[in-house]
Amino acid sequence: MSFDPNLEKILIIDFGSQFTQLIARRTREFGIYCEIITHFKLKNFDFNEKIKGIILSGGPLNVYEVNKYSFDKKIFKYNIPILGICFGHQILSKLNGGKVKQSKHREFGLVNIFQKNKSILTKNFFNKKNLTEVWMSHADQVTKLPKNFKVIASSQNSKFAIIQHKRQNLFGVQFHPEVTHTKNGKKIINNFIFLICKMKKNWFVKDQKLKLIQEIQDRVGSNKVICALSGGVDSSVVAQLLYKAVGKNLYCIFVNTGLLRKNEEVQVIKTFKKKLKINLIYVNAEKEFINKLKNITDPEKKRKIIGNLFIKIFENYAKKIKNVKFLAQGTLYPDLIESKSVTGSQTSKIKSHHNVGGLPKKMKLSLIEPLKFLFKDEVRNLGLELKLSREIISRHPFPGPGLAIRIPGPITKEKVKILKEADYYFIESLRDHGLYDKIWQAYAALLPVKTVGVMGDNRTYEYLCLLRAITSEDGMTADFYDFSKSFMQEISNKIVNSIRGINRVVYDITSKPPSTIELE
Ligand code: XMP
């Protein structure tokens with residue numbers, strides 16, 4: 001499944017910045033199609049006329065480490081407008097005759113920059129005093145302006161904070177316009193796309209919906225498709241999209257691992273089977289999962305056991321449906337972007353994610369991944385366009401291994417039951433206080449420690465419940481949510497007073513990094 005190669009686009013060249021995906025998301029938010037390509041893939045790349053602009057991302061490299069990145073000066077000859085960001089700005093400067101050096105002061109965080117010259121790139125960017133606040137994060141800086149370039153703005157430490165070629169459409173910014181901290185950052189991207197690259201909006205959810213449905217119909221014909229439904233946003237959107245395309249030839253299999261949130265299975269059946277009338281095979285495998293996880297404490301072992309058992313069960317049920325040719329999966333664009341590390345290798349594995357990736361090979365099925373060019377927020381919009389309920393669309397992410405990775409140490413039926421209740425109270429309280437949508441992800445976890453408490457006149461000796469609530473853009477980095485004291489008191493009382501088995505509540509105040517969002 002691919003997008004129309006005739007679509008005009010912005011090409012984003014990734015040098016390993018943690019913000020590359022944000023550049024792409026900002027571009028798409030403006031209704032403009034864009035693709036990310038890692039700098040390793042530039043050799044023999046076809047810079048055809050559909051590429052209307054190029055953005056060079058930031059990255060942790062130094063421009064003089066030439067053996068660590070690939071970039072060909074020829075790119076400046078295609079007459080395609082280029083915007084370099086941070087490392088991109090430095091490389092653009094160096095290759096055009098400028099100089100880059102390690103700066104005396106590492107600039108990190110919010111910095112004021114001052115306008116020196118007018119530019120089409122900075123239209124409506126500066127305030128009335130000709131300055132604005134931007135987010136800097138760099139150790140090197142441009143120290144000599146490249147030939148035929150002029151300065152557009154400077155900060156106290158970076159003389160060449162924004163530069164521009166005098167005749168060609170080449171621009172460099174030392175800061176990060178793609179992050180929300182840069183006050184008018186979106187203006188830079190907007191001006192580049194619309195005023196400099198002169199692009200017209202070409203990326204609409206409605207068009208994508210129709211196009212995706214048509215593509216699925218063309219590919220699947222009258223064959224059967226299976227899909228693992230979890231009730232989460234991605235698989236729900238895939239299921240609904242497939243249903244619109246192939247109707248009753250879609251078979252969804254929903255495996256209840258017993259590690260889902262409270263009443264989740266009931267909601268999934270109600271929505272997909274009863275309301276949307278999708279073929280849904282419900283498998284209750286609670287006992288099998290809990291048995292297999294008995295006495296397992298190692299997080300990676302837990303993940304593997306759950307992943308393998310899930311695949312086995314899914315495969316068994318899928319076999320019962322005759323003549324299936326396709327498997328639909330909710331792979332998203334961020335899953336495909338290769339270069340999450342600078343060197344092109346995968347970043348060191350922190351957790352093995354649970355998915356059904358092993359299935360197609362084993363079952364000889366062709367894969368359908370209709371969401372593989374979309375970001376999460378685009379998937380949500382597509383879901384709304386497909387008339388899925390807001391409740392499904394705005395749900396917080398939930399990991400494949402479910403509550404198992406929120407119960408460090410051995411998992412028992414009793415612990416799962418306690419945790420389901422605690423999580424339910426927490427999430428309901430967030431909804432009641434209008435906080436749910438302000439938080440990217442929230443959950444309760446049950447720690448494998450018992451502590452002493454007192455209730456009435458009695459001593460208690462029960463588990464510790466940890467609450468986690470974070471804000472994030474994409475789950476790659478996260479900050480804890482700053483609740484009011486009264487909310488924390490209320491939820492702590494509710495949990496301890498209503499749930500037998502918990503007598504203490506703690507709140508996780510670590511960010512990611514250094515912590516991860518889930519506990520295991
Ligand atoms: P971490 O814990 O790695 O989580 O900071 C980042 C995001 O990924 C989710 N997560 C998973 N999602 N399968 C999934 O589909 C998994 O195995 C898995 N593990 C973590 C996590 O909930 C958070 O949103």
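Asn148 is located in the loop that connects strand E6 (131–144) with strand E7 (149–155), where helices (H or I, at least four residues) and strands (E, at least two) are DSSP runs numbered from the N terminus. Although Asn148 is not a glycine, its phi is positive, at about 65°. The model is predicted, so that local features need pLDDT of at least 70 and side-chain atom pairs count only at pLDDT 80 or more, while totals for chains, interfaces and linings use all residues. Residues are numbered from 1 along each chain as its sequence is written, and side-chain values use heavy atoms, with hydrogens and water left out.

The chain is assigned domain 1 (9–196), domain 2 (205–393) and domain 3 (407–507), with bounds from an automatic or database domain assignment. Between the C-alpha centres of domain 1 and domain 2 the distance is 38 Å.

The ligand is surrounded by 15 residues, the closest being Lys351, Gln441, Lys512, Ile517 and Glu518; a residue is near a molecule if one of its heavy atoms lies within 4 Å of it. Domain 2 and domain 3 each supply at least three residues to this shell. By class, the shell holds 5 nonpolar, 6 polar and 4 charged residues (Ala, Val, Leu, Ile, Met, Phe, Trp, Tyr, Cys and Pro count as nonpolar, Asp, Glu, Lys and Arg as charged, and the others, Gly among them, as polar). A polar side-chain atom of Gln441 is 2.7 Å from a ligand oxygen atom, and a side-chain N or O atom of Lys512 lies 2.7 Å from an oxygen atom of the ligand. For Ile517, a polar backbone atom is 2.7 Å from a ligand oxygen atom. Of the 490 Å² of accessible area that the ligand has on its own, the protein covers 83% (Shrake-Rupley method, 1.4 Å probe).

On a 1 Å grid over the protein atoms alone, a pocket is an open set of points where a 1.4 Å probe fits, with protein on both sides within 12 Å along at least five of seven lines, and lining residues have an atom within 4 Å of a point. Its lining comprises 19 residues, with Lys262, Arg395, Ile427, Glu428 and Arg431 nearest the centre. Helix H6 (264–275), helix H13 (413–432) and strand E15 (441–455) each give two or more residues to this lining, and H13 contributes the largest share, 5 residues.

Technical notes: A polar contact is a pair of N or O atoms within 3.5 Å; within protein, one must be able to donate a hydrogen and the other to accept it, and residues adjacent in sequence count only if both atoms are side-chain atoms.
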